[in-house]
Amino acid sequence: MGGGGQQREEGKTDSGKAGGVYTWEDVQSHCTKTDQWVVINRKVYNVTQWAKRHPGGFRVLYHYAGEDATEPFSAFHPDQKFVQKYMKALQIGELAATEPSQDRNKNAAVMKDFQDLYVKAESQGMFRTRPLFFILHLGHIILLEVLALLMVRYFGTNWIVTLLCAVMLATAQSQAGWLQHDFGHLSVFKKSYWNHVVHKFVIGHIKVIGIPKRPKFLFYGIKKIKNMPYNHQHKYFFLVGPPLLIPIFFHLQIIQTMISRRYWVDLVWFMSFYIRYFYCYVPLYGVIGATALLFFVRFMESHWFVWVTQMNHIPMEIDYEKHQDWLTMQLQSTCNVEQSFFNDWFSGHLNFQIEHHLFPRMPRHNYYLVAPHVEALCKKHGIPYQTKTLWQAFSDIVTSLKSSGDLWLDAYLNK
C-alpha cells in the first residue's frame with residue numbers, strides 16, 4: 001500500500017490499529033498518485049490503494065495527499081462514525097504529540113473559528129431539511145411538464161405553441177438539474193441511502209442526464225492541443241460551450257460511461273425517460289419532430305446550465321488550491337451572486353456558491369441563514385467575500401475567458 005516513510009514507532013496497538021507515530025514531514029513525503037497518505041483528526045491513513053475505490057472519486061484524495069484532510073472529510077461525510085469503520089484498515093498511525101494539528105501554512109485561528117461556526121450552524125438547525133420545500137420544488141417541475149404536454153394536445157403543434165412548450169420543458173429540466181444536485185449532495189434526507197435512491201430517479205427518469213459539478217470544456221492545455229486559438233475563446237465560447245455541452249457532450253459522455261462501467265440500473269433509468277417522452281410526443285410531432293423538439297429543449301437548457309454554473313467559478317482565481325485551510329480555499333475559488341427570489345430560483349440557490357462550497361450537505365434553503373455568519377468570519381480574518389449582480393457575474397465569464405486567452409497567447413505564441 002504505497003511507500004513507507006520514517007516511522008517513529010512500529011508495531012500494532014492492542015486495538016489492532018497500526019501504531020506508527022509520524023511527523024508532518026513524514027506525511028508530506030507521500031503525495032504522489034502511487035503513494036498517498038492523508039491525515040484526518042490527527043490519524044494518519046495510507047489511501048494509496050483505496051483511492052480508486054473511493055465513492056467520491058480518486059482525484060479528491062490525490063488533491064489532499066500528504067496533507068490534513070479533516071475539514072473536507074467533515075464537510076462531505078454525514079455519518080462519520082459509519083465511514084470510520086471502513087477507515088480502520090487504512091490507518092497506519094497518528095501524528096506525534098509534538099506536531100500541530102494543521103499542516104504547512106494553514107491558519108489555525110481561521111480553522112478553529114470555522115469549526116465553531118460549523119458547530120453553531122448545526123446547533124441552530126441549519127442542516128435540517130424542510131420537506132415542504134423539496135416537495136413543492138418537485139411539484140412545480142411535474143406541473144410544468146404536464147402543462148407543456150396538455151398545451152400541445154389542446155392547442156395544436158403550431159410554432160408559437162411549440163416554442164412555449166419547449167420553454168416550459170427546458171425550465172422543468174433545468175430545475176430538475178438543481179433538484180438532482182440536492183440529492184447528490186446528500187442534503188435532503190438524513191440517510192445517505194435515500195438520497196442516492198431518489199437521486200437516481202430524478203437524474204435518470206426526470207432529468208435523464210448526469211451533470212458534472214464544474215465542467216472544464218474550454219481548457220485542454222498546451223500539451224494536448226498546441227494550436228487552439230485560446231486567445232479567441234471568449235468568442236467561440238458562445239458557439240461551443242452553452243449550445244453544445246448538454247445536447248452533445250454530456251449525452252455522449254454519460255452513455256459511454258454507463259456502458260463502459262456497466263451501470264445497467266442507471267441505463268434503465270436513462271431509457272425510461274426516453275420511453276416516456278417519445279410515448280407522449282411522437283403521436284403529436286412524429287419521431288423526427290419529437291426528436292427535434294427534445295434537442296431544442298436541451299439546447300436552451302444547456303445555455304441555462306453553463307451560464308449559471310460558470311458564473312461563480314471561471315472569473316475566480318482557481319489554482320491547485322493546495323495547502324490552504326477550507327475557508328480560505330473556498331473563498332478564493334468562488335463568489336456569490338446577489339440574493340433575490342428570482343436569482344434563488346433561477347440558479348437553484350447556487351447564487352450562494354460560497355456557502356454551498358463551505359457546507360456542501362446543508363439544504364440550500366438555509367444558505368441565506370448562514371451567509372451573514374460566513375461574511376462576518378471572512379471580515380474578521382481579512383478574507384475577501386465577493387458578491388456580484390447576476391449580470392456582472394455573466395459578464396465576468398466573458399472577461400475572464402478573454403484575459404486567460406491573452407495570457408495563453410503571451411506565454412505560448414510570443415515566447
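Me: How many salt bridges does a search of the whole structure find?

Reply: Let's begin with the general idea: side chains of opposite charge can pair when their charged atoms come close. This is a predicted model, and a search through the whole of it turns up ten salt bridges.

Me: Which side chain does Lys112 meet in a salt bridge?

Reply: Its partner is Asp116, at 3.1 Å from N to O. Both residues sit in helix H5, and because they are four residues apart there, about one helical turn separates them. With 52% relative accessibility, Lys112 counts as exposed, while Asp116, at 39%, counts as partly exposed.

Me: What does Glu145 pair with?

Reply: The side chain of Glu145 meets that of Arg276 in a salt bridge of 3.0 Å, N to O. This pair links distant parts of the chain, since Glu145 belongs to helix H6 and Arg276 to helix H10 (residues 264-310), 131 residues apart. Glu145 is buried, with a relative accessible area of 16%, whereas Arg276 is partly exposed at 25%.

Me: Are Arg364 and Asp182 buried or exposed?

Reply: Both are buried. Their side chains form a salt bridge at 2.8 Å, N to O. Arg364 lies in the loop between helix H13 (353-358) and helix H14 (367-380), and Asp182 is in helix H7, so the pair ties together parts that are 182 residues apart in sequence. Elsewhere, Glu67, Asp103 and Lys106 are linked in a network of salt bridges.

Me: Now for the nonpolar side chains. How many residues does the largest nonpolar core have?

Reply: In soluble globular proteins, nonpolar side chains tend to be buried together. Here the largest nonpolar core has 36 residues, and those with the most contacts inside it include Phe114, Leu327, Leu331 and Phe359. Helix H14 gives the most to this core, namely six residues.

Me: Why does this core lie between domain 1 and domain 3?

Reply: Because domain 1 (20-104) and domain 3 (326-414) both give residues to this core.

Me: What classes of residue line the second largest cavity?

Reply: Its lining has five nonpolar, one polar and four charged residues. Among the lining residues are Tyr64, Asp68, Glu71, Lys106 and Trp326. Helices H3 and H11 each supply at least two residues of this lining.

Me: And the pockets: what volume does the second largest pocket have?

Reply: The volume of the second largest pocket is about 680 Å³. Of the 29 residues that line it, the closest to its centre are Phe127, Thr129, Val188, Phe189 and Lys190. By class, this lining divides into 16 nonpolar, eight polar and five charged residues.

Me: Which helix gives the largest share of that lining?

Reply: Helix H8 does, with five residues. Looking at domains, the lining of the second largest pocket draws at least three residues from each of domain 1 (20-104) and domain 2 (150-305).

Note on methods. Residues numbered from 1 in each chain as written. Predicted model: local features only at pLDDT ≥ 70, side-chain atom pairs only at ≥ 80, totals over all residues. Heavy atoms only, no water. 1 Å grid on protein atoms, 1.4 Å probe; cavity = no way out; pocket = protein on both sides within 12 Å on 5 of 7 lines; lining within 4 Å. Points joined across faces, edges and corners; volume = space filled by probe spheres on them. Nonpolar A, V, L, I, M, F, W, Y, C, P; charged D, E, K, R; others polar. Domains from an automatic or database assignment. Salt bridge = Lys/Arg side-chain N within 4 Å of Asp/Glu carboxyl O. Buried < 20%, exposed > 50% of the residue type's maximum accessible area, 1.4 Å probe, protein only. Core = buried A, V, L, I, M, F, W, Y, C linked by side-chain atoms within 4.5 Å.
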